[in-house]
Amino acid sequence: MRVYKEITQKYLSPRLRPWRKARDMTQEDAAELLRMSSRAYADLERGESGFSATTLLLFLAQLSDSEIVELVRAFLKEVLKKENQEAA
């Protein structure tokens, strides 16, 4: 299960800054939307911490339906790629 947590963190964290910048938000604005402190958000954006289930759901709630589908499908591809590497 730990491998999935690592994949999740490595997959989601790099998507935060582009999401935030595309919406012309500061880290403080994004933190407020995700109901977390600015410091916790900055750590999340840098990949120094992982998403909680609550934070993930709040993040997904900020996305359009098509963005959610794209994000989830691309995540599944990463998981399958990792599993195939481990099986080989």
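These legends go with a set of close-up views of a predicted model.

**View 1. The whole chain, by confidence.** This is a predicted model, and the protein chain averages a pLDDT of 94, with 99% of the residues scoring at least 70. Among the elements, helix α2 (residues 27–33) has the highest mean pLDDT, 98, while helix α1 (residues 2–22) has the lowest, 91.

**View 2. Helix α1, end to end.** Count 1.5 Å a residue and the 21 residues of α1 should span 30 Å; the end C-alpha atoms are 31 Å apart, so the two figures agree. That said, α1 bends by about 25 degrees at Leu16. A proline, Pro18, follows within four residues of that bend.

**View 3. The buried side of α1.** Look here for Ile7, Tyr11, Leu12, Ser13, Leu16, Trp19 and Arg20, the buried residues of α1. They pack against α2, α3 (38–45), α4 (53–61) and α5 (65–87). As for the spacing, an α-helix has 3.6 residues a turn, so residues three or four places apart point the same way.

**View 4. The largest nonpolar core.** There are 15 residues in this core, and those touching the most other members are Leu16, Trp19, Tyr41, Phe51, Phe59, Leu63 and Leu71. Helices α1, α2, α3 and α4 each put in at least two residues. The largest share is from α1, with 4 residues. Zoom in on Leu71: leaving out residues up to four places away in sequence, Leu71 touches Tyr11, Leu12, Arg15, Phe59, Leu60 and Leu63.

**View 5. Glu45 and its two arginines.** The N to O distance for Arg17 and Glu45 is 3.3 Å. Glu45 also meets Arg20 in a salt bridge, at 2.8 Å from N to O. Arg20 is in helix α1 as well, 25 residues from Glu45 in helix α3. How exposed are the partners? Arg20 and Glu45 are both buried, Glu45 at 6% relative accessibility. Arg17 is partly exposed, with a relative accessible area of 41%.

**View 6. Asp43 and its surroundings.** Asp43 is found in helix α3 and forms a salt bridge with Arg46, with 2.5 Å between the closest N and O atoms. Asp43 has 18% relative accessibility, so with the limit for buried set at under 20% it counts as buried. Setting aside neighbours within four places in sequence, Asp43 is in contact with Glu48 and Ser49. For the tally, the model has 6 salt bridges.

View 7. Most residues other than glycine have a negative phi. Which way does phi go at Asp24? The value for Asp24 is positive, near 55 degrees. Asp24 lies in the loop between α1 and α2 and is exposed, with a relative accessible area of 70%. Arg35 is not a glycine either, and its phi is positive at about 55 degrees. You'll find Arg35 in the loop between α2 and α3. At 62% relative accessibility, Arg35 is over the 50% cut-off, so it counts as exposed.

Definitions and conventions. Residues are numbered from 1 along each chain as its sequence is written. This is a predicted model: local features need pLDDT of at least 70, side-chain atom pairs count only at pLDDT 80 or more; totals for chains, interfaces and linings use all residues. Side-chain values use heavy atoms; hydrogens and water are left out. pLDDT is the predictor's confidence in each residue, from 0 to 100. The expected span of a helix is 1.5 Å times one less than its number of residues. The bend at a residue is the angle between axes fitted to the seven residues ending there and the seven starting there. Buried means under 20% relative accessible area, exposed over 50%, partly exposed in between (1.4 Å probe, protein chains only). Contact means heavy atoms within 4.5 Å. A nonpolar core is a set of buried Ala, Val, Leu, Ile, Met, Phe, Trp, Tyr and Cys residues joined through side-chain atoms within 4.5 Å. A salt bridge is a side-chain nitrogen of Lys or Arg within 4 Å of a carboxyl oxygen of Asp or Glu.
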